Amino acid sequence: MKKILLLLLIATSSHCQVYAQELSNKNATKATKALYQNLHKLSKKQVLFGHQDDLAYGVGWKYEPGKSDIKETVNDYPAVYGWDLGKIEHQREKNLDGVPFDKMREYIKTAHQKGAVITISWHADNPLTNGSSWDTAHHTVKSILPNGEKHEIFKTWLDRVSVFLQSLKNAKGEEIPVLFRPFHELKGKWFWWGRNTTSPEEYKAIWRFTVNYLQNQKKLNNLIWVYNTNEFDNENEFLESYPGDDVVDVLSFDQYQYGIEGKKKFINTVKKQLDITTKLATEKNKLSAFAETGFENIPDPSWWTGTLWPAIKDYPISYVLVWRNAGYMPSTKKMHYYAPYKGQASAKDFKKFYQNKKVWFEKMLSTKNLYQTK
Ligand code: BMA
């Protein structure tokens, strides 16, 4: 009897090991592993709220210490902070939206110290044409793969990315964990790594090369890899360019609402996409996230509780992030923002959304130490 019990115990514990939430990078730092596991636990009951470029600028202001449109609205900061590395590949001082990388680093350190989560995307310029991320005229991914004419240049770009990521350190000099989301919205046709110019095989290959290079050559062990797609109707489409369980930690997608009349379509699409993403994430024992969303300029005064919440409430996702509050953009002569600011049409509803115990901002999150295992 004892023997049987013992066997049972061994069987159960090895079963648990197989299914433990493990990062793809076995050499990830302790804090990175802890963050991944803690996000898993939290995601069963809470969803973290995130905002792109939150501390850098908002509608009508730029670079004011401590300021944030979210903070002005609900007296709390987001739980997740999104940043973008576009232009770091040219060693520029500022990113594609004008955020100085030195400031970005400080914002990241501050947020991390308060217990928040950092996610980083990379709107890299086109290495083949020197155009922007949106320059899709050429077969660029093929050109940066090993043996491609721009492969060496792409490696230099990854070197520059890694210098920045490695410079993100806490007060003790330890690297800050980052949810890294390169080559995002892969099913779109607007980026050079998108579906019009990149085959699924090429996408998988560049992803795997990038992970391998940053992890094994540059020894970056503070990254959690976020796979991000869009425009998919079923599991096969979601997985068409999926590079493999051994190089992905978070399954995610982006989806925006367009037009007041787009409400129903948005809710239905997001629910369907969350059905697919969360099912696959559970099967693969990985995290899921709604990595980018929003309704530009939020003209619907009850968008937060009337649209976003109904769309996400039934799903165990780790976070939902809304895009940046650029304010007035001279280039388009239009306003461009996705989070409310004080007095904005949806600010009152956002306060209601904030009261929802299942949506966590920075204050609640800081009661947990995500970067430590118990
Ligand atoms: C887009 C817009 C652009 C911006 C880009 C990268 O959605 O916000 O203005 O340059 O994201 O942040």
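Start with aspartate 53, which is buried, because its relative accessible area is 1% and the cut-off for buried is under 20%. Keep in mind that this is a predicted model. Aspartate 53 sits in the loop between strand 1, residues 47–52, and strand 2, residues 57–58. Its backbone is worth a look: aspartate 53 is not a glycine, yet its phi is positive, about 55°.

Asparagine 75 also has a positive phi, near 55°, and again the residue is something other than glycine. You will find asparagine 75 in the loop between helix 3, residues 69–74, and strand 4, residues 80–84. Is asparagine 75 buried or partly exposed? Its relative accessibility is 46%, so asparagine 75 counts as partly exposed.

Now the whole chain. It has 12 helices and 13 strands. A compact globule of 374 residues would have a radius of gyration near 21 Å, and the chain has 20 Å, which agrees. Along the principal axes, the C-alpha atoms fill a box of roughly 75 × 55 × 45 Å. Of the 374 residues, 56% count as buried. If you take the contacts with a separation of 6 or more, 73% of them come from residues 24 or more positions apart.

Next, the strands. Strand 7 covers residues 223–229, and seven of its seven residues are buried. Leu223, Trp225, Tyr227 and Thr229 point one way from strand 7. Ile224, Val226 and Asn228 point the other way, and both sets are buried. Strand 7 pairs with strand 6, residues 178–181, in the parallel sense over three bridges. Which residue of strand 7 is the bridge partner of valine 178? That is leucine 223.

Strand 9, residues 287–295, is another covered strand: nine of its nine residues are buried, so it is largely enclosed by the rest of the structure. Strand 8, residues 250–257, pairs with strand 9 in the parallel sense over eight bridges. In that pairing, glutamine 255 stands opposite threonine 293 of strand 9.

Lysine 219 is in the loop between helix 7, residues 200–217, and strand 7. With a relative accessibility of 54%, lysine 219 counts as exposed. What does lysine 219 contact, leaving aside its neighbours within four places in sequence? Its contacts are Gln166 and Leu214. Valine 141 is 78 residues from lysine 219 in sequence, and their C-alpha atoms are 23 Å apart.

Threonine 367 is in the segment after helix 12, residues 362–365. Threonine 367 is exposed, because its relative accessible area is 58% and exposed means over 50%. In sequence, threonine 367 and lysine 114 are 253 residues apart. In space, C-alpha to C-alpha, threonine 367 and lysine 114 are 9.7 Å apart.

That is where I will stop. I can bring any of these residues back up on the screen.

Methods. Residues numbered from 1 in each chain as written. Predicted model: local features only at pLDDT ≥ 70, side-chain atom pairs only at ≥ 80, totals over all residues. Heavy atoms only, no water. Helix = DSSP H or I, 4+ residues; strand = E, 2+ residues; numbered from the N terminus. Rg over C-alpha atoms; globule rule 2.2 N^0.38 Å. Buried < 20%, exposed > 50% of the residue type's maximum accessible area, 1.4 Å probe, protein only. Contact = heavy atoms within 4.5 Å. Pairing = 2+ DSSP bridges.
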